[in-house]
Structure formats: structure tokens, C-alpha cells
Amino acid sequence: MSQDSFASEASTATSTVPSHKPSQSSLTDYSEKIQSAIQSLSSFTTIPPSLISSQDPAFSLLHDPHVSSQISSLLRHPDSGAGDNNLCRWFYDTFQSTSPQLQLVVLRFLPIIAGLYLSRVPLRKPLAGFEAVLLALYAHETTSRNGQAITVNIPDLSISSVYHETKESSRNNSTDLNLAVISPSLEPHGTVRSTRRARIVGVALELYFSKISLIPVGSKIDFCKFCEVWAGQDGDMYKEIEGEAGDGGGGGEEKGKKERRIPLPWELLQPALRILGHCLLGPQKDKELWDATCAAIRSLYARSLHDVNPKAILATGSLLRLSKIGMNSQNEIDYTEISMSNVISL
């Protein structure tokens with residue numbers, strides 16, 4: 001083979017290697033989606049000029065405290081969840097844009113949307129706007145999972161390990177998988193019924209949890225505060241809990257909290273506890289977030305005791321103990337570090 005023909009084939013092979021860089025058309029389409037979303041949002045909020053002219057408007061929109069405060073205030077209006085609400089329409093259209101950055105902006109306000117929605121359901125107010133947004137999130141997660149359940153393989157303690165002598169014949173682990181279902185399989189839903197409500201909101205929270213490392217702290221604080229409202233129990237009695245839990249009779253319950261409590265089935269409580277676990281143990285060390293997380297955990301623990309829910313008591317009690325460990329500065333010890341000492345202890 002001549003050098004010219006080899007060089008020709010090499011250049012041809014190089015040109016056929018797929019490039020992972022986004023094309024100019026995709027970048028233009030992304031920029032147009034961002035600008036269109038910001039322009040639509042500016043019709044009912046004030047957008048700072050610095051946000052529009054920033055190098056990454058979607059990132060600036062996600063983290064801008066002024067815009068977030070305006071949107072939060074609009075969401076908390078008494079009629080914010082109606083079907084003709086402009087903000088709900090903006091959330092729905094923005095999430096359907098399929099832009100991951102814009103979808104993250106919508107998820108940033110999911111705690112307020114879900115919190116207000118579940119709190120207003122007993123009031124029988126029109127909530128078609130909130131439901132449309134939640135159904136869009138549910139449909140997205142159903143499509144991305146292909147309707148399949150989320151499972152994890154956990155060790156089967158009934159099977160002896162290779163380090164133990166046993167007379168039993170060894171079994172093939174591939175045929176004896178011990179699967180735990182974290183989230184059951186999903187079915188498409190076009191409407192929100194009372195029997196599906198907790199599942200739809202729970203799946204939306206699972207989507208929120210999958211992106212939680214990218215979510216601003218303010219959104220997580222909002223979620224913790226709504227968890228405390230949903231629990232409807234005063235958990236201050238467990239601030240100084242040590243050892244076994246005391247009586248959860250709820251002598252310190254506040255009447256206002258009782259009136260705002262909502263049903264907490266496991267399909268809704270489990271993703272909420274996973275989010276609280278991240279807020280408690282995640283890398284972001286924010287004092288306000290920590291306090292809000294601990295308050296939410298205490299309230300949910302009191303609610304679990306009130307409902308006599310063993311699964312919820314175990315989960316919330318574990319988070320409560322972890323919060324106590326985190327509060328004690330003496331426990332900030334790296335037990336994997338070998339201490340250097342000239343004294344031999346016998």
C-alpha cells in the first residue's frame with residue numbers, strides 16, 4: 001500500500017469518527033429555547049438585564065435569588081394552581097422544551113408546587129395547573145424508565161459466604177438474586193385521581209432527588225419546611241433525644257400543624273426521606289438547611305409515632321439519630337485514620 005493511499009484512508013477513517021461536540025444548530029436551538037423561556041417569564045416577572053446578557057442564562061435563572069423570590073411569591077397566591085394560571089403554563093411549557101437546563105429550573109420549584117398542591121387538595125380548590133406540571137414530570141420519568149421498576153440487589157444473609165464452612169451445596173447467586181424494589185414500575189396516567197395522587201407526586205420527588213446535587217439550597221429549604229407542614233406534628237420534644245425515644249403521645253402538638261397535616265403513604269414518604277437524607281448528609285454545609293432538615297425529621301418522626309407506622313418509625317428514627325451525631329462535634333472523627341502514639345495499650 002502506498003503512503004498516499006494510506007494517508008487517504010487514515011483521513012477518511014478520522015473523518016468518520018463521531019464527534020461529541022454539539023453542532024452549531026443544536027447550540028442555536030438551545031439558545032433560542034432559553035431566550036424564549038426567559039421572554040415568556042418576563043411577561044409576569046421582572047428579569048434583571050444581567051441575567052439575559054449572562055454567558056449561561058439558564059444557570060443564572062436557576063440561581064438568581066431575585067427571580068426565585070418573585071416566582072415563589074406568585075406560586076403562593078391563593079389561585080396559583082388554577083388551570084388558566086400563566087405561571088403553571090410556563091412551568092409546563094418550559095419542562096416540555098426537553099432542555100435539561102430548563103427542566104432543572106422547573107424542578108427547582110417542585111417543593112413549592114407539590115407542597116401547595118397537597119396542602120390545598122382538602123380545600124377543594126381548582127388545581128389543574130399544578131396537576132398538569134406534576135403529570136408532565138411523571139410522564140417524563142415514566143418514559144425515561146421505560147415503565148420499569150427501580151431495584152437494588154442486596155445480600156442474602158441466608159446464603160453462607162466463601163469464608164464459612166457449610167455442608168449445604170452452594171447455590172448460584174445469579175439465580176438467587178435478592179432484589180429490593182425502591183420504586184415500583186410506572187404506568188402512564190393522564191389525570192390525577194385521589195388513588196394515584198401520592199404515587200404521581202412521589203415519582204416527581206424521585207425525579208427531584210435524582211437531580212438534587214444541582215438544585216440550589218433555597219429549594220431544599222422550601223422542601224424541608226413543607227415536610228414539617230405535611231407531618232402536622234410538633235417534633236420539638238425530640239431535640240434532645242438520647243438513647244431510646246420517649247413517648248410520642250404528642251402533648252406539644254400545635255393546633256395549626258394538625259389542621260395542615262396530609263396523608264403520608266410510603267410511596268410519598270420514602271422519596272421525601274431520601275431527599276431529607278441528602279440534605280442531612282450531603283456535601284453542602286449550610287446552617288439554615290441543616291436546621292430546616294432537622295426540624296422536618298423531628299416532625300416526621302413524631303408523625304410516625306402518632307400513626308404507629310413501624311416502617312416510617314425506623315426510617316425517621318434513623319435520620320433523627322444521624323442528625324444527633326452530626327450535631328456533636330466530638331463525633332467528627334475519621335476512624336479510618338491510624339493514630340500515632342508511643343504508648344502500647346494492652
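**Aromatic pairs and a covered helix in a predicted model**

Among contacts in the protein (heavy atoms within 4.5 Å) between residues at least 6 apart in sequence, 73% join residues at least 24 apart. The structure is a predicted model, in which local features need pLDDT of at least 70 and side-chain atom pairs count only at pLDDT 80 or more, whereas totals for chains, interfaces and linings use all residues. Residues are numbered from 1 along each chain as its sequence is written, and side-chain values use heavy atoms, with hydrogens and water left out.

The secondary structure comprises 15 helices and two strands, taken as DSSP runs numbered from the N terminus (helices H or I, at least four residues; strands E, at least two). Of the 346 residues, 40% count as buried, that is, under 20% relative accessible area with a 1.4 Å probe and protein chains only, exposed being over 50% and partly exposed in between. The protein exposes about 20500 Å², of which carbon and sulfur atoms supply 54%, as computed by the Shrake-Rupley method with a 1.4 Å probe.

Four aromatic pairs are present, a pair being rings of Phe, Tyr or Trp (its six-membered ring) with centres within 6.5 Å, and planes under 30 degrees apart counting as stacked, over 60 as edge-to-face and the rest as tilted. In one of them, the ring centres of F91 and F109 are 5.7 Å apart and the planes lie at 50 degrees, so the pair is tilted. Because F91 belongs to helix α6 (residues 86-95) and F109 to the loop between α7 (100-108) and α8 (110-120), this pair ties together parts that are 18 residues apart in sequence. Both F91 and F109 are buried. Y208 and F223 form a stacked pair, at 6.4 Å centre to centre and 25 degrees between the planes; this pair links distant parts of the chain, with Y208 in helix α10 (residues 197-210) and F223 in helix α11 (residues 217-231), 15 residues apart. Y208 is buried at 0% relative accessibility, and F223 is buried with a relative accessible area of 0%.

Ring pairs also link W90, F91 and F109 into a cluster. The charged end of R108 sits over the ring of F109, 4.7 Å from its centre, the criterion being NZ of Lys or CZ of Arg within 6 Å of the ring centre and within 35 degrees of the ring normal.
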